[in-house]
Amino acid sequence: MESVNMHEAKTRLSQLVARAQQGEGFIIAKAGKPLVRVTAIDSPEPGHQKRIGFLAGQLSIPDDFDRMGEDEIADMFGG
């Protein structure tokens with residue numbers, strides 16, 4: 001999450017708010033100390049965002065996944 005100082009936030013507020021609306025929150029800091037986090041109203045609370053692994057147990061990957069199509073690939077490269 002991007003951190004901006006107070007003066008920069010004042011200068012670029014409309015641009016930063018537009019980015020926050022797209023899901024890119026930011027932190028406003030004063031003298032290098034974080035003060036507030038700005039996110040879109042409809043964004044999920046911190047810690048409640050979906051993470052990698054939400055399909056765990058619903059997919060299966062073949063054991064030979066890293067070797068699938070190796071003959072065709074070798075043929076394409078003259079192997």
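**Fold, sheet and core of the predicted model**

Along the sequence, the elements of the protein follow the pattern β-α-α-β-β-α. The model is predicted. In total, the protein has 3 helices and 3 strands.

The strands form an open sheet. This sheet has 3 strands in the order β1-β2-β3, and the pairing is mixed. Its edges are β1 (2-5) and β3 (33-38), each of which pairs on one side only. From one strand to the next, the twist averages 35 degrees. Strands β1 and β2 run parallel and are joined by 4 bridges.

Burial was examined next. Of the 79 residues, 13% count as buried. The protein exposes about 7000 Å². Carbon and sulfur atoms supply 55% of that area. In soluble globular proteins, nonpolar side chains tend to be buried together. Here, the largest nonpolar core has 6 residues in all: Val-4, Ala-9, Leu-16, Ala-20, Phe-26 and Ile-28. Two or more residues of this core come from α2 (13-21), and likewise from β2 (26-30).

Contacts were then considered. Ile-28, a member of the core, touches several residues beyond its neighbours within four places in sequence. Among these contacts are Val-4 and Ala-9, which also belong to the core. Met-6, Lys-33, Pro-34, Leu-35, Val-36 and Val-38 are in contact with Ile-28 as well. Across the protein, contacts between residues at least 6 apart in sequence were counted; 27% of them join residues at least 24 apart.

Technical notes. Residues numbered from 1 in each chain as written. Predicted model: local features only at pLDDT ≥ 70, side-chain atom pairs only at ≥ 80, totals over all residues. Heavy atoms only, no water. Buried < 20%, exposed > 50% of the residue type's maximum accessible area, 1.4 Å probe, protein only. Contact = heavy atoms within 4.5 Å. Areas by Shrake-Rupley, 256 points an atom, 1.4 Å probe, with all protein chains shown as cover. Core = buried A, V, L, I, M, F, W, Y, C linked by side-chain atoms within 4.5 Å. Pairing = 2+ DSSP bridges. Axes fitted to C-alpha atoms, helices over the stretch in contact; angles between N-to-C directions.
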